Amino acid sequence: MSVREFVVLGTASQVPTRHRNHNGYLLRWDGEGILFDPGEGTQRQMLRAGVAAHDINRICVTHFHGDHSLGLAGVIQRINLDRVPHPVTAHYPASGQQFFDRLRYATAYRETVALREEPVARDGVLARGPSYVLEARLLSHPVESFGYRLTEPDGRRMVPELLARHGITGPDVGRLQREGRLGGVTLDEVSEARPGQRFGFVMDTRLCDGVRELAQGCDMLVIESTFLDEDERLATDHGHLTAGQAAGVAREAGVRHLVLTHFSQRYADPAEFERQARAAGFEGELTVAADLVRVPLPKRGA
């Protein structure tokens with residue numbers, strides 16, 4: 001059975017707090033794990049969340065500020081220490097190659113795993129596989145930053161009533177799915193379109209086209225909301241979003257489940273982020289992220 005869930009390892013912006021670790025997020029997508037923005041302390045948070053180095057197939061770094069990348073050194077060394085049996089691919093802004101190199105080789109260790117470096121230089125598709133297409137979009141931050149998006153290919157859902165009407169049962173259902181036709185019955189006659197799932201990951205940025213493109217039609221959007229709305233000027237000056245801005249994007253993009261994260265230490269009441277997101281008109285499912293929370297992706301559309 002496939003598992004698709006979002007594991008929150010850390011939610012603090014800039015500095016950790018007593019209750020929030022630096023950023024770190026793992027997306028479980030069927031049999032693959034994608035680690036986003038491993039900040040300082042990610043390796044320990046993985047242990048607490050039950051995430052193993054073997055679970056990681058890709059690492060996606062949005063940008064090279066420390067709260068999003070200082071954990072790379074420990075994670076990469078752990079992958080090698082545990083002799084992960086599969087290659088691991090790393091995506092990160094190409095303009096930050098010097099920082100990736102420093103973190104990858106911060107101390108001495110034995111390399112036992114093939115770590116494939118695939119830096120991101122422009123918008124576009126980064127990888128294609130049977131269960132998703134991975135894309136990147138440029139964001140707006142003081143240093144170059146990219147957001148990421150996974151899109152599952154659209155499929156078809158078999159409709160039991162239509163199968164019964166045509167007398168198709170048992171192994172013949174699978175045969176029809178594979179071949180597209182069974183006798184005089186086509187696949188389209190007994191099935192309906194099922195949109196593929198969409199997942200967007202947006203970290204440090206002002207409002208920009210890239211944010212909107214990444215969010216469009218997402219079943220789950222994970223997005224920074226560093227500031228509350230009353231501090232919008234600070235957000236713009238430092239290249240961040242407010243809770244209301246993030247929720248407004250999600251509302252306009254038709255997001256089903258919104259996950260807010262990357263909170264400034266200046267705010268003591270997490271519930272205020274939810275209140276402002278609702279005030280911005282977002283009516284879908286909403287999670288104000290906390291460390292070590294697991295959030296299942298919404299079920300696929302009909």
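# A tour from the β16–α10 loop

Start by selecting His262, which sits in the loop between β16 and α10. The model on screen is a predicted one. Is His262 buried or exposed? His262 counts as buried, because its relative accessibility is 1%. Check its backbone as well: phi is near 65°, a positive value in a residue that is not glycine.

Next, select α10. Phe273, Gln276 and Ala277 are its buried residues. Look down the axis: these residues cover an arc of only 105°, so they are on the same side of α10. What do the buried residues of α10 pack against? Their partners are α9, β16 and β17 (285-288).

Stay in helix α10 and pick Ala277. Ala277 has a relative accessibility of 0%, and therefore counts as buried. Leaving out residues up to four places away in sequence, Ala277 touches Ala243, Ala247, Leu260, Phe282 and Leu286. For a distance check, draw a line from the C-alpha atom of Ala277 to that of Ser264: the separation is 16 Å, for two residues 13 apart along the chain. Then go to Gly281, which follows α10 and has a positive phi near 100°.

Now show the largest nonpolar core, which has 29 residues. Which residues have the most contacts inside this core? They are Leu221, Ile223, Val255, Leu258 and Leu260. To see where the core comes from, colour α7 (209-215), β15 (220-224), α9 (243-253), β16 (257-261) and α10 (271-279), the elements that give it two or more residues. Of these, α9 gives the most, with 6 residues. In soluble globular proteins, nonpolar side chains tend to be buried together.

Within this region, select Leu258 and display its contacts. Beyond four places in sequence, Leu258 touches Leu221, Ile223, Ala247, Ala250, Phe282, Glu285, Leu286 and Thr287. Another core, of 25 residues, lies apart from the largest one. Val8, Val120, Phe199 and Val259 are among its members.

Move to Asp37, in the loop between β3 (32-36) and α1 (42-49). Asp37 is not a glycine, yet its phi is positive, about 45°. How accessible is Asp37? Its relative accessibility is 0%, so Asp37 counts as buried.

Gly50 follows α1, and its phi is positive, near 75°.

Asn80 has a relative accessible area of 5%; because the limit for buried is under 20%, Asn80 is buried. Which residues are in contact with Asn80, leaving aside its neighbours within four places in sequence? The contacts are Tyr109, Arg110, Glu111, Thr112 and Val113.

Rolling a probe the size of a water molecule over the atoms shows where empty space is left. The largest pocket has a volume of about 340 Å³. To centre the view there, select Ser13, Gln14, Phe227, His238 and His240, the closest to the pocket centre among its 16 lining residues. By type, the lining of the largest pocket consists of 3 nonpolar, 10 polar and 3 charged residues.

The second largest pocket holds about 220 Å³ of space. Which residues lie nearest its centre? Select Ser2, Val3, Arg4, Leu297 and Arg300, which are part of a lining of 11 residues. The lining of the second largest pocket divides into 5 nonpolar, 2 polar and 4 charged residues.

Methods: Residues numbered from 1 in each chain as written. Predicted model: local features only at pLDDT ≥ 70, side-chain atom pairs only at ≥ 80, totals over all residues. Heavy atoms only, no water. 1 Å grid on protein atoms, 1.4 Å probe; cavity = no way out; pocket = protein on both sides within 12 Å on 5 of 7 lines; lining within 4 Å. Points joined across faces, edges and corners; volume = space filled by probe spheres on them. Nonpolar A, V, L, I, M, F, W, Y, C, P; charged D, E, K, R; others polar. Core = buried A, V, L, I, M, F, W, Y, C linked by side-chain atoms within 4.5 Å. Buried < 20%, exposed > 50% of the residue type's maximum accessible area, 1.4 Å probe, protein only. Helix = DSSP H or I, 4+ residues; strand = E, 2+ residues; numbered from the N terminus. Contact = heavy atoms within 4.5 Å. Arc of directions from axis to C-beta.
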